[in-house]
Amino acid sequence: MISSKNNKVFLILSIIGFLINFISYYPGFLSPDSLDQFTQALNNSYADWHPPIMSGLWHILLVFYYGPQCMLFFQLVLLWTSFYFLLILFKRNYGNLFWLVFIFIAAPFVQNFAGNIWKDVHMAFAWLLATSIMLVAFFRNRKMDTYEAIASILLLSYGCWVRINALPGLIPLLCLWLMLLKTNKPPKKHVVIRLSIKAFFISILVVLTQIVITKTILKPHKSYGEYKLFMHDLSGIYVETNKLCFPDFIKNYPRFDTLYLKQNYHYSTFDNIWWNSDHKYLLPAVNDTTIKELRNYWLHTIADNPLVYLKNRTKGYLAFLRITTSESSLCNMYPYIHPNSYGLVRKSNFLSKTIIPLLNAQSDTFYMKPWFWFLFNILIFFAAFIKRLAFIKPIILTLSLSGLFYLGFEFFVFQVDTDFRYFYWNCISEFLVFILICAEIYKSCLKPDNRSTILASH
């Protein structure tokens, strides 16, 4: 057992780390997306372009303090509570290797967005804390207790609620959660199938819960975010085939400019058309009727041109991963508060002047590129089948599949390739697995006497 003295030391270290982050990133970095959610939270009036549940949480936190400070506090509590649990886990199971946890939390691809008030950050940190809670039970050779089970499922659900396209990545995490409700032993193949089916239905329940909360409590007005997705795909098919494959309400819109569309279309982003710098309003507003018409047209057009659709998506996805050249710049950091009318500004201090330039200097390194995490994710998956890693095989498979499913689903839904934050969960989940693998390899290389002394819990 870990002594209470060690726990107190770990708690102090976690608080110190939290304070360093909080002071460095104070009051929290706000992009235009963040400010949009702040406006909704302030007015208690929501739209569904961004996750209403996150804006609803922000509205509650505004009772305590005006601004982003409470949201920054919340997400850093998620991060540094995870750190505390991982310290305990490593000290108990890997002896003097708990310093690996410091490397994990301090990694530039973890710290680069830790201060940004974004849905991607909330999703990643909520899932990290849920995973850390489950890892404690797994490494202590026991099932989760009631409090651990409730806390972890709430965190997993919240992560999905604020990033609904993360649903595929939730399913492997739910499989681990279900396994740890009964035991920490790797299940047999037929049991894995049953767990996967149960996890799928629980994920549907998570989504239904989100819909109920959103529609009955927050009641957001529709902003039709899918409009952008439909137009990205239809424009790509038009550019490739020269078929004017748009419904009449778009073709007949006076400002609809097919020449501009063709000249400015990119496989990897629709932002340059959707929010073009020429101030052209190419597309009409939509309502429930016209968006339904567009959706049906989109489905039929893809069905008629499946190879063109897949070709465009593949080209865009390769640019999205930066495997091929993209015409968009990649945002690896956003340590700013976008100009606003709320009086929200950020003032630098000693810590921020030290930490932010250090992180920014690493923006062009290979580990700050999307393709690296895509390939690393695949390698991590195959590492699960290495014999000496058999003990942590369920953890490796859970986190690698979560990352692969989450990133793989982006093939069908991305419309912009400018933000590294879309890979944030992959950075966190795969690097956590990596340090666990390093620790397991170290353990297996120890002499039997030392191994039994340090790792008796295994």
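Biologist: At what angle do the axes of helix 11 and helix 16 cross?
Modeller: Roughly 110 degrees, and the axes come within 9 Å. Axes are lines fitted to C-alpha atoms, for helices over the stretch in contact, and angles run from 0 to 180 degrees between N-to-C directions. So helix 11 is roughly perpendicular to helix 16, a term for angles of 65 to 115 degrees.

Biologist: Before we go on, what are the ground rules?
Modeller: This is a predicted model, where local features need pLDDT of at least 70, side-chain atom pairs count only at pLDDT 80 or more, and totals for chains, interfaces and linings use all residues. Residues are numbered from 1 along each chain as its sequence is written, and side-chain values use heavy atoms, with hydrogens and water left out.

Biologist: Which residues of helix 11 meet helix 16?
Modeller: Leu229, His232, Asp233, Gly236, Ile237, Glu240 and Thr241. Across from them in helix 16 are Val308, Tyr309, Lys311, Asn312, Arg313 and Lys315. Contact means heavy atoms within 4.5 Å.

Biologist: How many of those are charged?
Modeller: Five, alongside four nonpolar and four polar residues. Asp, Glu, Lys and Arg count as charged; Ala, Val, Leu, Ile, Met, Phe, Trp, Tyr, Cys and Pro as nonpolar; the others, Gly among them, as polar.

Biologist: New topic. How far apart are the axes of helix 7 and helix 9?
Modeller: They are 10 Å apart, at an angle of about 30 degrees. That makes helix 7 roughly parallel to helix 9; the cut-off is under 35 degrees.

Biologist: What classes of residue make up that contact?
Modeller: Between helix 7 and helix 9 there are eight nonpolar, two polar and no charged residues.

Biologist: And helix 17, which residues are buried there?
Modeller: Ser352, Ile355, Ile356 and Leu359. They cover an arc of only 95 degrees around the axis, so they sit on the same side of helix 17. The arc is taken over directions from the helix axis to the C-beta atoms.

Biologist: What's on the face turned away from the buried side?
Modeller: In helix 17 that face carries the exposed residues Phe350, Lys353 and Leu358.

Note on methods: Helix = DSSP H or I, 4+ residues; strand = E, 2+ residues; numbered from the N terminus. Parallel < 35°, antiparallel > 145°, perpendicular 65-115°, else oblique. Buried < 20%, exposed > 50% of the residue type's maximum accessible area, 1.4 Å probe, protein only.
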